[in-house]
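Reader: I would like to learn how to read a few features of a protein model. Please give the general idea for each, then the case at hand.

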Amino acid sequence: MFRTLFILIKKEFLQIFRNKSILAIIFVMPVIQLVILPLAANYEIKDIKIAVVDHDKSTQSRELIRKITASGYFKIMNYGENYNDAYQEVEKDKIDLILEIPNNFEKDLVRENNEKVLIAINAINGTKAGLSASYLGQILQNYNQQIQLEMNPELETVKKNSGLEIVPKFWFNETYNYRLSLVPGILAFLVTLIGGYLTALNIVEEKEIGTIEQINVSPIKKRDFILGKLIPFWILSMVAFTIGLLVTIFVYKIQMQGSYLLLYAFISVYLIAILGMGLLASVYSDTQQQSMFMVFFFMMIFILMSGLFTPTESMTDWAKYIAYLNPVTYGVDGVRLIMLKDSGFMDLLPHFVFIIGLAIVVISWSVLRYHKTS
């Protein structure tokens, strides 16, 4: 068995190294994508275009506008007294939000300590709208506190002597750096993409060039054939993961908090499941085009529902059930837990159980299905 398997693996490596495009996918793609994606997927938004409708034109309204522009998040594109003019700019997509300051803003704020301002936001892009509202809300809150202290200086003393002081602390990411959570997740996503696509195109390529018929009539067992297809891509995917890990550590300066041994053990098991799914898609396809579309369809669902960009906890109940059956959810979560939180084997036991179970199911399925159609 081992001699046959060794010959099959050797043949597979020779085919892979003859194909320059596969080598580029394995060795160049992870570096380029890992450098570009975290820079593009920036959770911080700047240069938000704002229109200010100032009906008051007072000292306080100008001070409020100065604070908004000084924050660095907003860029005033329109300043006037007509709300409809500002709204027309929103319709032309030239403005992201409108801040309307009412008449007697300064008078009501100083004398009665009670005033309201209107914030109208273009919510076509929900993420941008939410962050814009959050940024502006924080600026208005700070401005309001400053006014309160100017009018009532004794509040500063009360504030200092207050028994309740809020000190926020971010565990495992003290500076709240978005790249710290995003880059390890993208690393898991990249090895999923590479492993899934390469194996999906593998067996079906033999079908297209006709060599599968020669293998079928040879004494090679189906089990050896499947393993001969699986093992070379498992080795190359581990190499691609190592390249991505080096980029993570040396380019983004993300230090490993957990065990390298556990991380590699987790990824090695995870890749078996992902490669098995790629093989299953390959067994069911007759052409490389069919195989690619099948993997693309499932990869899109897996990635969007993996918790990489949107927390699974915020999904609806039916979506959570799909996320719990999604291998990429466990891959992204596992890499993050080991790299950032120093989680141990027992913490990752549910991840290992699910991934090993999935690997057994999809590889057994691939072997049985291939035997049936041969």
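Reader: Which residues in helix 6 (residues 105-112) are buried?

Author: Keep in mind that this is a predicted model. In helix 6, the buried residues are Phe105, Asp108 and Leu109.

Reader: How should I read a set of positions like that?

Author: An α-helix has 3.6 residues a turn, so residues three or four places apart point the same way. Now the case here. Phe105, Asp108 and Leu109 are the buried residues of helix 6. Viewed down the axis of helix 6, its buried residues lie within an arc of 95 degrees, so they line one face of the helix.

Reader: What do the buried residues of helix 6 pack against?

Author: Their partners are helix 4 (59-70), strand 3 (97-101) and helix 7 (126-151).

Reader: Which residues of helix 7 are buried, and how far does helix 7 reach from its first C-alpha to its last?

Author: Helix 7 has 26 residues and reaches 37 Å between those two atoms, close to the 38 Å expected at 1.5 Å a residue. The buried residues of helix 7 include Ala129, Ser132, Tyr135, Leu136 and Ile139. Also among them are Leu140, Tyr143, Ile147 and Gln148.

Reader: How is the protein divided into domains?

Author: Domain 1 covers 1-41 + 177-369, and domain 2 covers 48-161. Taken over C-alpha atoms, the centres of domain 1 and domain 2 are separated by 48 Å.

Reader: Next, the nonpolar cores. Which residues in the largest one touch the most other members?

Author: That core has 73 residues, and Leu263, Ile267 and Met339 touch the most other members. Several helices each supply at least two residues of this core, among them helix 1 (2-18), helix 2 (20-27), helix 12 (222-250), helix 14 (288-304) and helix 16 (327-341). Helix 9 (178-200) is also one of them, and helix 9 gives the most, with 15 residues.

Reader: Which residues is Leu263 in contact with, leaving aside neighbours within four places in sequence?

Author: Leu263 is in contact with Phe241, Leu245, Met256, Val335, Ile338 and Met339. There is also a second, separate core of 19 residues, which includes Ile48, Val52, Leu109 and Tyr143. Of these, Leu109 is a buried residue of helix 6, and Tyr143 is a buried residue of helix 7.

Reader: Is Ser237 buried or exposed?

Author: Ser237, which lies in helix 12, is buried, with a relative accessible area of 3%. Not counting residues up to four places away in sequence, Ser237 touches Val191, Gly195, Leu271 and Leu275.

Reader: How many aromatic pairs does the structure hold, and how is one described?

Author: A pair of aromatic rings is described by the distance of the centres and the angle of the planes. This structure holds nine aromatic pairs. One of them, Phe266 with Phe352, is edge-to-face, at 5.6 Å centre to centre and 85 degrees between the planes. Phe266 lies in helix 13 (residues 260-284) and Phe352 in helix 17 (residues 349-373), so the pair ties together parts that are 86 residues apart in sequence. Both Phe266 and Phe352 are buried.

Reader: What kind of pair do Tyr284 and Trp365 form?

Author: Tyr284 and Trp365 form an edge-to-face pair, 6.2 Å centre to centre with 90 degrees between the planes. Here too distant parts of the chain are linked: Tyr284 is in helix 13 and Trp365 in helix 17, 81 residues apart. Tyr284 is partly exposed at 36% relative accessible area, and Trp365 is partly exposed at 42%.

Reader: Which residues form one aromatic cluster with Phe266?

Author: Tyr270, Phe345 and Phe352 form one aromatic cluster with Phe266.

Key: Residues numbered from 1 in each chain as written. Predicted model: local features only at pLDDT ≥ 70, side-chain atom pairs only at ≥ 80, totals over all residues. Heavy atoms only, no water. Buried < 20%, exposed > 50% of the residue type's maximum accessible area, 1.4 Å probe, protein only. Helix = DSSP H or I, 4+ residues; strand = E, 2+ residues; numbered from the N terminus. Arc of directions from axis to C-beta. Contact = heavy atoms within 4.5 Å. Expected span 1.5 Å × (residues − 1). Domains from an automatic or database assignment. Phe/Tyr/Trp six-rings, centres within 6.5 Å; stacked < 30°, edge-to-face > 60°. Core = buried A, V, L, I, M, F, W, Y, C linked by side-chain atoms within 4.5 Å.
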